Structure formats: structure tokens, C-alpha cells
Amino acid sequence: MLDFFEMGRVIEELAKAYPAQCATTWFKITKNHKPSEEEYRRKVVEYMKIFEYLLATYPQGPDTNKLKEFVKKCLAKEIEKVLKGDNKDVEKRHKHYVINSPSLVPLDDSIKELAEQRYPEKSIDTTFKISIKKRQKNKDNFLMVKEKREVYRENQNEKDIIIISNRRRKKRSMIATD
């Protein structure tokens with residue numbers, strides 16, 4: 001006799017694997033953010049029944065007929081659990097969806113409320129500082145670093161440019177040893 005242990009495990013975990021997520025997505029698309037437990041369970045069962053169509057892909061034979069009977073029995077048990085509310089995963093998914101669903105206030109109103117909120121004005125004395133460093137070599141092969149800082153003040157509409165003194169660094173020469 002063939003062992004259908006794997007298929008039994010798949011059916012036990014079936015509601016958790018994809019039908020509950022499919023049902024949640026279906027309710028989101030139909031904009032039903034607060035389905036009753038029974039509505040949700042029926043939709044999950046609807047997606048669970050689709051699993052039977054998978055069996056049509058198996059080759060015909062006596063073992064396939066046994067597999068189909070086994071799957072139908074196991075699936076009927078799991079569907080019964082879901083309809084009674086005994087499948088913890090489906091119940092948890094429903095509760096999570098209903099609690100985390102958006103409220104029934106139209107989306108346009110909530111966007112208007114956000115747009116009408118007052119945000120603090122920017123301070124007039126805001127100062128922006130930009131620091132720019134340039135590196136270049138001079139004629140004596142010294143590395144020159146020039147740093148230029150620009151300070152912008154909004155209230156005066158002007159910028160102060162400060163040039164920091166040039167710093168010289170002598171480039172280290174490589175000494176070749178034979």
C-alpha cells in the first residue's frame with residue numbers, strides 16, 4: 001500500500017499556506033475591510049476546494065484513484081475545521097486583517113486632513129554651510145589642499161565665502177632598493 005503522508009501534511013497546512021492569503025486579498029480588492037468570520041471562512045474554503053483540481057495532473061491508474069479518495073477525505077476534514085472556526089491559522093489571519101484594515105472613512109477625506117495640518121514654519125535665520133575641498137599638485141610636486149566654505153544665510157540673501165589657508169603636504173617619494 002502506498003503512503004500518502006506528504007499529501008496529508010500538505011492538506012493539514014493548506015488553509016495556512018495559500019487560501020487564507022487569497023481570501024484576504026479578495027476582500028481587499030472588493031474593499032470589504034470588515035468581513036464577518038463566516039464570510040471569511042467560506043472564502044477560504046472556496047480556495048481550499050481548488051486544491052482538488054491539482055489531482056487532475058496525476059497520471060490515471062489505481063494508485064491515483066486511492067490518492068484522490070485520500071485527498072477528498074482529508075480535505076473534507078480540514079474544510080469542516082475551517083467552517084467550525086477550529087483552524088487557528090485562519091482565525092488568526094481573519095483577526096489580523098480586520099484589526100489592521102483601514103477605517104471606513106473614504107481615502108480622499110484622510111488625505112485632505114493630512115494636507116490641512118499645520119507644519120512649523122522654517123526659521124528665518126537658518127544657515128547652510130557647504131565645505132568644498134580641492135586637491136591639486138603645484139609645480140614643486142607638493143599636494144595642495146584648498147578648502148572653501150560657503151555660508152548661506154536666508155534672511156540676508158547673501159553668501160560669505162571663507163577660504164581656509166592652503167596646507168602643503170609633500171608627496172612621499174618611493175625609494176627603490178635593489
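**Note on helix packing, core and selected residues**

1. In this predicted model, helices α3 and α5 pack with their axes 10 Å apart and at an angle of about 125°. Helices here are DSSP runs of H or I with at least four residues, strands are runs of E with at least two, and both are numbered from the N terminus. The axes are lines fitted to C-alpha atoms, for helices over the stretch in contact, and the angles run from 0 to 180 degrees between N-to-C directions. The two helices α3 and α5 are therefore oblique to each other, given that angles under 35 degrees count as roughly parallel, over 145 as roughly antiparallel, 65 to 115 as roughly perpendicular and the rest as oblique.

2. The crossing of α3 and α5 is right-handed, a term used if the near helix is turned clockwise from the far one by less than a right angle, with anticlockwise giving left-handed. On the α3 side the contact (heavy atoms within 4.5 Å) is made by E37, Y40, R41 and V44, and on the α5 side by V90, E91, R93 and H94. By class, this contact of α3 with α5 holds three nonpolar, one polar and four charged residues, where Ala, Val, Leu, Ile, Met, Phe, Trp, Tyr, Cys and Pro count as nonpolar, Asp, Glu, Lys and Arg as charged, and the others, Gly among them, as polar.

3. Helix α3 also meets α4, and here the axes come within 9 Å and cross at roughly 165°, so α3 and α4 are roughly antiparallel to each other. This crossing of α3 and α4 is right-handed. Its contact is made by R41, R42, V44, V45, M48 and K49 of α3 together with L75, E78, I79, V82, L83 and K84 of α4; these residues divide into seven nonpolar, no polar and five charged.

4. Which residues touch the most other members of the largest nonpolar core? In this core of 22 residues they are M7, I11, Y40, V44, M48, V71 and V82, a nonpolar core being a set of buried Ala, Val, Leu, Ile, Met, Phe, Trp, Tyr and Cys residues joined through side-chain atoms within 4.5 Å. Two or more residues of the core are given by each of α1 (5–17), α2 (19–29), α3 (37–49), α4 (62–84) and α5 (88–100), and the largest share, six residues, comes from α4. Leaving aside neighbours within four places in sequence, V44 is in contact with A15, P19, A20, A23, V82 and V90.

5. Two charged residues deserve a separate look. E78, in helix α4, counts as buried because its relative accessibility is 8%, where buried means under 20% relative accessible area, exposed over 50%, and partly exposed in between (1.4 Å probe, protein chains only). Beyond its neighbours within four places in sequence, E78 is in contact with I11, E12, M48 and N87. K31, by contrast, lies in the loop between α2 and α3 and is exposed, with a relative accessible area of 65%. The phi of K31 is near 60°, a positive value in a residue other than glycine.

6. Overall, the protein chain has six helices and three strands, in the order α-α-α-α-α-α-β-β-β along the sequence. Buried residues make up 23% of its 178 residues.

7. Residues are numbered from 1 along each chain as its sequence is written, and side-chain values use heavy atoms, with hydrogens and water left out. As this is a predicted model, local features need pLDDT of at least 70 and side-chain atom pairs count only at pLDDT 80 or more, whereas totals for chains, interfaces and linings use all residues.
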